Amino acid sequence: MSGFASLRLALSAAFLGALLYTPLADAQSAAAPAQGAITLGPSGLPLPRFVSLKSGRVNSRVGPGANYSVDWMYMKAGLPMEIIQEFDTWRRVRDADGSEGWINQSLLSGRRTAIVAPWQRGKGGQINLLKSPEKDARVVAIVEPGVMGTIKACDGQWCEMTFDGHTGWLAQSVVWGAYPGERVKD
């Protein structure tokens with residue numbers, strides 16, 4: 001490949017990267033949709049928003065297309081993801097650890113799941129799953145940070161979730177998969 005062709009390829013990649021990446025998109029992803037005006041993506045759906053993985057093997061790519069290299073492979077169906085950007089049929093997503101990549105929309109589901117306090121994983125804490133959405137409610141089960149469950153509903157302060165057959169309530173502030181103040185209905 002000639003030096004000119006290499007330069008042209010590098011400039012094209014830089015231009016595409018600048019086109020797809022905007023600091024505004026990152027700033028908007030930090031704010032919960034319930035806290036201000038909702039931004040709609042090209043699909044007509046809000047950005048950012050939470051979804052989950054449909055399959056147990058999902059490639060996350062470095063760019064929005066099958067020709068981009070695979071950066072990461074997710075091996076857990078139902079894993080919650082935050083969509084932060086859209087391009088054609090591709091969605092730029094962020095996982096609970098903050099890793100970002102592009103996944104085809106056909107591999108994502110609107111089914112809502114969440115991870116309990118992933119920021120406390122490995123620190124030895126436990127979180128009570130409660131019978132009702134009240135601080136003093138009876139404990140149904142004890143869950144560890146990093147455990148994934150299915151969201152049945154969130155009222156803006158509490159989320160009703162199911163973990164391996166146990167259903168109960170958690171403070172919405174300890175789940176990654178629902179924004180603070182967001183209301184969710186299954």
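Student: What should I know before reading the values?

Tutor: Residues are numbered from 1 along each chain as its sequence is written, and side-chain values use heavy atoms, with hydrogens and water left out. In this predicted model, local features need pLDDT of at least 70, side-chain atom pairs count only at pLDDT 80 or more, and totals for chains, interfaces and linings use all residues.

Student: What makes Glu82 and Arg94 a salt bridge?

Tutor: The term asks for a side-chain nitrogen of Lys or Arg within 4 Å of a carboxyl oxygen of Asp or Glu. Here N to O is 3.0 Å, so the pair qualifies. Glu82 is in strand 6 (residues 80-87) and Arg94 in strand 7 (residues 90-94). Strands are DSSP runs of E, at least two residues, numbered from the N terminus.

Student: Why is Glu82 called buried?

Tutor: Buried means under 20% relative accessible area, exposed over 50%, partly exposed in between (1.4 Å probe, protein chains only). Glu82 has 4%, so Glu82 is buried.

Student: Where do Arg121 and Asp97 lie?

Tutor: Arg121 lies in the loop between strand 10 (113-116) and strand 11 (127-130), and Asp97 in the loop between strand 7 and strand 8 (100-104). The pair therefore ties together parts 24 residues apart in sequence.

Technical notes
Helices (H or I, at least four residues) and strands (E, at least two) are DSSP runs, numbered from the N terminus.
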